[in-house]
Amino acid sequence: MNIEQTVLENLKQLPLAQQQEVLDFSEFLKQKTSTVNPASDSHLTPEEKVAKWNKAIAKLPQTSANLPDEALHRDTMYED
């Protein structure tokens, strides 16, 4: 049995939520691999690059840490 078959067999045995995690992780790895070589995007038009960027941004979490404004003030980051 090769790696692909083993992964598929393992995937079938996982609950749906964990299958989604595997999918998310595999997409992350795929994206990470494609961003390592920016020359692979050299054939894209500026519009296609923007569309690809927007697609990547859409995958990011829609929530943030919601830091209070005080946490972002210079006084809290640096000593004078």
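## Burial and fold

Of the 80 residues in the protein chain, 2% count as buried, a class that means under 20% relative accessible area, with exposed set at over 50% and partly exposed in between (1.4 Å probe, protein chains only). The model is predicted, so that local features need pLDDT of at least 70 and side-chain atom pairs count only at pLDDT 80 or more, while totals for chains, interfaces and linings use all residues. Residues are numbered from 1 along each chain as its sequence is written, and side-chain values use heavy atoms, with hydrogens and water left out.

The protein chain holds 4 helices and 0 strands, in the order α-α-α-α from the N terminus; helices are DSSP runs of H or I with at least four residues, and strands are runs of E with at least two.

## Surface

L67, L72, M77 and Y78 make a nonpolar surface patch of about 440 Å². Of these residues, M77 belongs to helix α4 (residues 74-77) and is partly exposed, at a relative accessible area of 46%.

## Second largest pocket

D24, E27, F28, Q31, A56, K59 and L60 line the second largest pocket, and helix α2 (residues 16-36) provides the largest share of that lining, 4 residues. By class, the lining comprises 3 nonpolar, 1 polar and 3 charged residues.

Notes: Patch = residues over 30% accessible without salt bridge, like charges linked within 9 Å, V, L, I, M, F, W, Y side chains within 5 Å. Areas by Shrake-Rupley, 256 points an atom, 1.4 Å probe, with all protein chains shown as cover. Salt bridge = Lys/Arg side-chain N within 4 Å of Asp/Glu carboxyl O. 1 Å grid on protein atoms, 1.4 Å probe; cavity = no way out; pocket = protein on both sides within 12 Å on 5 of 7 lines; lining within 4 Å. Nonpolar A, V, L, I, M, F, W, Y, C, P; charged D, E, K, R; others polar.
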